[in-house]
Amino acid sequence: MRRYLRNRGALARIALERLAPETANEVLPPEARAAPEQALEAPIRLNDLRMDAVVQAIRATGGTSVADLGCGEGKLLYRLVREKWVHKLFGLDPAIRELEWAAKRLKLNEFGGPPEDRVTLLHGSLTYRDSRWAEADVAVLVEVIEHLDEDRLPMIERIIFGETAPKFVIVTTPNADYNPLFPSLAAGAFRHPDHRFEWGRVRFEAWAARIGEIYGYSAALSGIGAVDPVLGAPTQMAVFTR
């Protein structure tokens, strides 16, 4: 789009947002985009706990090739590249600038970085089938689905669970039930202004069950972070097995 609409930056942005709305904020640095959510979650170290839980879940599958779908600036990839049992990593994101930051974080094609064929960063959207990461044993979506309009989820479900169909898919998303426990979050507000929705535990469980019925996956659900006896954990995770 930028090539064909050279010198027409406004039109290029409109076209990109229509094709892949999740690119709308890519002009902002990662720390600016994540700041509201990080400020909420920092006191309970939720990001660290989430990354630890996801890495443990991937390890438990026994998979050795992993696709991080919506990889952003590469935080999960950075954790996984240090694990010897991971042989191949793919990072997919619709925002080219996120991929540039990820490449810097991972030191790709630099001295001290991973071998050339171990990590592959891919510019693409979840709304389009992409065979470049199809060999992955495990697909991971960490805090991704809530950034997408709900009416686009069926298309993404079909591409991931139906057409590509990796053996394992791991999904994490905020638990909206827990939101009242964040003292600085207004009632009814989302944790981040870019979130299109946030599901409670019942809604997430129903979604996971529907995926299983349609695409032949079983789902193991769990929480990440300190568990409130009434409202549950701040993050919810599903590990789907085909």
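A charge sits over a ring if NZ of Lys or CZ of Arg is within 6 Å of the ring centre and within 35 degrees of the ring normal. The model is predicted, so local features need pLDDT of at least 70 and side-chain atom pairs pLDDT 80 or more, while totals for chains, interfaces and linings use all residues. Residues are numbered from 1 along each chain as its sequence is written, and side-chain values use heavy atoms, without hydrogens and water.

**Exercise 1.** Find which residue lies over the face of Trp199.

*Solution.* Go to the ring centre of Trp199: Arg203 lies over its face, at 4.3 Å.

**Exercise 2.** Classify the ring pairs that Trp207 forms with Trp199 and with Phe204.

*Solution.* Start with the rule: rings of Phe, Tyr and Trp (its six-membered ring) pair if their centres lie within 6.5 Å; planes under 30 degrees apart are stacked, over 60 edge-to-face, the rest tilted. The whole structure holds eight aromatic pairs. Next, the centres of Trp199 and Trp207 are 5.6 Å apart with planes at 50 degrees, so this pair is tilted. For Phe204 and Trp207 the values are 5.9 Å and 20 degrees, so that pair is stacked.

**Exercise 3.** Trace what Phe240 touches.

*Solution.* Leaving out residues up to four places away in sequence, the partners of Phe240 include Phe161, Val169, Trp207 and Tyr217. Ring pairs also link Phe240 into a cluster whose members include Phe161, Trp207 and Tyr217.

Technical notes. Contact means heavy atoms within 4.5 Å.
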